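My entries follow in the order I made them.

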Amino acid sequence: MIEWGVVSLPKPGETQSGDGYVVKAFPDGVLVAVMDGLGHGEGAAAATKVAVATLESYAHEPLITLVQRCHRELKDTRGVAMSLASFNSREHAMTWIGIGNVEGLLIRGHSGPMGRRAEDRPRERLLVLGGVVGYRIPTLRGRVVPVSHGDSLILATDGIHPDFAERLPSGLNPQALADHVNAHHFKGTDDGLVLDVRYVGCTHALDSF
């Protein structure tokens, strides 16, 4: 159903990253998520590990239910920011939601002339709600959008400069695009993670480039 690539780097001088991700298939769907544990280092990594384990165990559930589960499980941790998206292959739709400061960008794949630059293709940004999962979360609202073959979703933590969406090259596979964003936009002052997911609309096994 998707192709994907990811790059994750700890803050320089740290041995582990507080950022994490999930790519988990379930019948007729796949959950993708990126988490940013508050701060950095061991405490942030511990919070993110709890979120990852929770999401992987219940990936088939609705997003709001998933966030609420994570909120309960993370009560004794620093908490995390997280953005999640659940793809449905039967309906060719994606539901997404964000709490905190993990950016989400959906870039449409096949609009307009061939070779159209990434920045010229239609795009939508995830509306990220304020809060910290594990400490305080707002009233949760997921948004459903249609997806088509070739649409790309980029999720990035705040260790990636928010201008990463500018001047994105076209024609790269998901791993190459994640590498490009990291190489050009990693701040170096915090942990950084970028996950690029391309929707291909089939139920074959996931491929990671």
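I began with Arg167, which is exposed, with a relative accessibility of 57%. The model is predicted. I then looked up the salt bridge partner of Arg167, and it is Glu166. Their closest N and O atoms are 3.4 Å apart. Glu166 is partly exposed, at 41% relative accessible area.

Next entry: Arg90. Which residue does Arg90 form a salt bridge with? I found Asp28, with 2.7 Å between the closest N and O atoms. This pair links distant parts of the chain, 62 residues apart. Arg90 sits in the loop between strand E4 (80-88) and strand E5 (93-99). Asp28 sits in the loop between strand E2 (19-26) and strand E3 (29-37). Arg90 is exposed, because its relative accessible area is 66% and the cut-off is over 50%. Asp28 is partly exposed, at 31%.

Then I turned to Arg108. Arg108 forms a salt bridge with Glu124, and the closest N and O atoms are 2.8 Å apart. Arg108 lies in the loop between strand E6 (103-107) and strand E7 (123-125), while Glu124 lies in strand E7, so the pair ties together parts that are 16 residues apart in sequence. Is Arg108 buried or exposed? Arg108 is buried, because its relative accessible area is 13% and the cut-off is under 20%. Glu124, at 21%, counts as partly exposed.

I followed this pair further. Arg108 and Glu124 belong to a network of salt bridges with Arg143 and Asp151. How many salt bridges does a search of the whole structure find? I noted eight.

I also noted the charges overall. The protein chain has 20 positive and 24 negative side chains. The centres of the two sets lie 5 Å apart.

Last, I looked at the whole chain. I noted three helices and 12 strands. The C-alpha atoms fill a box of roughly 50 × 35 × 30 Å along the principal axes. I compared the radius of gyration with that of a compact globule. For 209 residues, such a globule would have a radius near 17 Å; the chain has 16 Å, which agrees. Buried residues make up 50% of the 209. Among contacts between residues at least 6 apart in sequence, 73% join residues at least 24 apart. The accessible surface comes to about 9500 Å². Carbon and sulfur atoms hold 51% of that surface.

Note on methods:
Residues are numbered from 1 along each chain as its sequence is written. This is a predicted model: local features need pLDDT of at least 70, side-chain atom pairs count only at pLDDT 80 or more; totals for chains, interfaces and linings use all residues. Side-chain values use heavy atoms; hydrogens and water are left out. Helices (H or I, at least four residues) and strands (E, at least two) are DSSP runs, numbered from the N terminus. The radius of gyration is taken over C-alpha atoms; the globule rule is 2.2 Å times the number of residues to the power 0.38. Buried means under 20% relative accessible area, exposed over 50%, partly exposed in between (1.4 Å probe, protein chains only). Contact means heavy atoms within 4.5 Å. Accessible areas come from the Shrake-Rupley method with a 1.4 Å probe; for residues, only the protein chains shown count as cover. Lys and Arg count as positive and Asp and Glu as negative; His and the chain ends are not counted. The place of a charge is taken as NZ of Lys, CZ of Arg, CG of Asp or CD of Glu. A salt bridge is a side-chain nitrogen of Lys or Arg within 4 Å of a carboxyl oxygen of Asp or Glu.
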